[in-house]
Amino acid sequence: MRLKSNWEVRMSSSKGLPYFFNTQTKQSSWDAPSELSEKEISGLPGAEYLDSKGGNAHAGQVRASHLLVKHRDSRRPSSWKEDNITRTKEEAIEILRGYQAQINGSQEKFAELATLHSDCSSHANGGDLGWFGRGQMQKPFEDAAYGLEPGQISDVISSDSGVHLVLRTA
């Protein structure tokens with residue numbers, strides 16, 4: 001009978017890719033440990049980051065959070081906070097600039113403000129939109145997310161939904 005593995009799958013914050021980490025030896029590797037079977041690999045903590053072949057399940061994708069402020073010209077000028085949004089785009093940008101100053105590069109503050117103030121239903125998850133690929137988001141938003149490194153926060157982005165700050169998380 002085999003003992004419990006000391007390996008787990010973690011996500012690299014710098015590359016946004018999964019890697020294998022041995023919690024006992026502190027060894028890390030991009031490749032699956034040769035001593036583990038496919039079944040054992042699929043049972044590791046963090047294995048949801050892998051595809052069925054043990055590779056990156058999110059190849060070509062990014063993960064991002066956002067803080068959205070809608071305005072009266074947004075494609076749907078209402079949200080969980082307001083039934084009828086009447087502010088101008090300029091006012092929405094001014095509000096977002098205030099949040100940007102409070103965030104000052106902090107991912108924790110970003111999530112806190114997104115939870116409290118974002119006009120998107122993702123506010124319930126700190127603004128987290130999960131993993132997405134090219135063609136799944138509006139083009140200005142997609143370009144911003146793909147143009148960031150994990151941990152970076154965009155400047156104000158305008159889309160048909162409103163104005164956003166985008167935090168790339170992976």
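Select β2 and β3, which form a hairpin with 5 residues between them. In the turn, K26 has a positive phi of about 70°. The model is predicted.

β2 and β3 (residues 28–29) run antiparallel and are joined by 2 bridges. Pick F20 and look across to β3: S29 stands opposite. V9 has F20 as its bridge partner in β2.

Show the side chains of β2 (residues 18–22). How many of its residues are buried? The count is 5 of 5. In a regular strand, side chains alternate between the two faces of the sheet.

Next, select the open sheet of 4 strands, ordered β5-β4-β7-β6 with antiparallel pairing. β5 (128–132) and β6 (157–159) are the edge strands; each has a single partner strand, so one side of each lacks a neighbour in the sheet. On average, neighbouring strands here are turned by 40° against each other, direction ignored.

β6 and β7 (residues 162–168) run antiparallel, with 3 bridges between them. S159 is found opposite G162 of β7.

α4 (residues 139–147) lies across β4, β5, β6 and β7, at about 25° to β7.

Finally, select K70, in the loop between β4 (62–69) and α2 (89–103). Is K70 buried or exposed? Its relative accessible area is 6%, under the 20% cut-off, so K70 is buried. Display its contacts beyond four places in sequence: R76, S78, I85, R87, A92, D119, S161 and G162. G162 is the β7 residue already seen opposite S159. Which backbone atom does the side chain of K70 reach? The backbone oxygen of S78, at 2.7 Å. To end, take the C-alpha atoms of K70 and R87: they are separated by 8.0 Å, with the two residues 17 apart along the chain.

Notes:
Residues numbered from 1 in each chain as written. Predicted model: local features only at pLDDT ≥ 70, side-chain atom pairs only at ≥ 80, totals over all residues. Heavy atoms only, no water. Buried < 20%, exposed > 50% of the residue type's maximum accessible area, 1.4 Å probe, protein only. Contact = heavy atoms within 4.5 Å. Polar contact = N/O pair within 3.5 Å; in protein donor to acceptor, adjacent residues only side chain to side chain. Pairing = 2+ DSSP bridges. Axes fitted to C-alpha atoms, helices over the stretch in contact; angles between N-to-C directions.
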